[in-house]
Amino acid sequence: MIDLDGYVRYGRVEAALNAIREEKDGIIRAELLAELLKRVEKSADYFEVRDGLINSRLFADDRKTKAIILSIIGEALFSTGDEDNGFKFLEEAVSTAKRIAVLMWRAEALVGVGLNLLRAGLYEDAYDLFNRAFEALTASRKDEPDVAIKLISKAAGSLVMGTDYVEDGEWAAAYLELAATMYESIGLELPARNTRARAELIRAAVDGNLGLMRRLLADNRVDDAVLMARYMPGQFRGLAMMEIAFWLYANDHPELGKDLFEDAYSLFNWAERSGYAIGDDSVFSLAMDFVKIGEPELASRLANFIHDDKLLSKLLHRIAREYYKQGDEFLAVNVARAIPDETIKNMALHELGGEVHVGYKQGLSIIRGGEKR
């Protein structure tokens, strides 16, 4: 396997090109060049790799291979900003695939081209090609049933994996439904059920069904919950991801939870700027959960999204007590001083042995190194 990242990191793009030229399989060669094109940073390297990628179409031995290589070229150009030329290559790929006379070869070409259309975000065109491929394979079962069945199974599997590139939930669900239909047509009921269930989860996510996602987490079905979070509407996605981050922290996976927390926090900021109300009660509940598992700093950061002074005061009181419990008396007192409700603040400071009537009005930051509300 060629380490493209390593070549690019050390500025050895020419060496990467030489290594790729040793590859005899035309499709693999084109795929490697496409991935290299997406990684290079210098314009001179980009044009050199692009020329090599475009020339890779000359290494096609047949029309099926040519169609797939053309679609690889088109997707790479499309993804790197050259949409006009990328679209031209994708159009030529579709045209070439449709002209293949042998049904099975045509179907294989349509699937390969369809995957690259999907990666380029041309969801409707890709869906049409997958349907055409399925029709061609279904028709070919009359003459070569065993081969056709294997190819239908392979096409369905490719479609399921291809949804990893699909950001639109409605289209992701539609692709999975089509894959399930393919599986059912050849009697593969278990993968058909699993694929259809995956589509149903995505549709529930598109509808913003946070309740279902929470039930999945309660049942330790974290992969399904992550799938739902990915396709939640923007105003719910941050909250969904934050709940999964909490689950990871609570289940001894802080290394995974940390990055997800940061992503969710960014989405919280986006929601605030975009005028979407996250909901003080939801944020308060999550923040309190983080405190309960011994993560007061994460709870403190969530405090920045609570606008109700009563809820904020209750949360900061609890955070201050947790810091004190962990032995950080200085930070405990500083958090207590930031409590907006004077009664709760005075009670907290008395509990911690600190002075009263200071701090919040002076603009002390709620979180360590963080921003003021």
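Over residues 356–373 the pLDDT stays under 50, and for this stretch the model has 45 contacts beyond four places in sequence. The structure is a predicted model, and its protein chain averages a pLDDT of 91, with 94% of the residues scoring at least 70. Where pLDDT is low, the predicted coordinates should not be read in detail.

- When the whole structure is searched, 1 cavity of 30 Å³ or more is found, and the largest cavity holds about 30 Å³ of space.
- The lining of the largest cavity is made up of Gly 234, Gln 235, Gly 238 and Leu 239, together with Leu 267, Phe 268, Ala 271 and Ile 278.
- At least two lining residues come from each of helix H14 (234–250) and helix H15 (254–274), and H14 gives the most, with 4 residues.

- In helix H2, which spans residues 13–21, the buried residues are Val 13, Ala 16, Leu 17 and Ile 20.
- An α-helix has 3.6 residues a turn, so residues three or four places apart point the same way.
- The elements that cover the buried residues of H2 include helix H1 (4–9), helix H3 (26–39) and helix H4 (43–55).

How values were computed. Residues are numbered from 1 along each chain as its sequence is written. This is a predicted model: local features need pLDDT of at least 70, side-chain atom pairs count only at pLDDT 80 or more; totals for chains, interfaces and linings use all residues. Side-chain values use heavy atoms; hydrogens and water are left out. On a 1 Å grid over the protein atoms alone, a cavity is a set of points where a 1.4 Å probe fits but cannot get out, and a pocket is an open set with protein on both sides within 12 Å along at least five of seven lines; lining residues have an atom within 4 Å of a point. Grid points are joined across faces, edges and corners, and a volume is the space filled by probe spheres set on the points. pLDDT is the predictor's confidence in each residue, from 0 to 100. Contact means heavy atoms within 4.5 Å. Buried means under 20% relative accessible area, exposed over 50%, partly exposed in between (1.4 Å probe, protein chains only).
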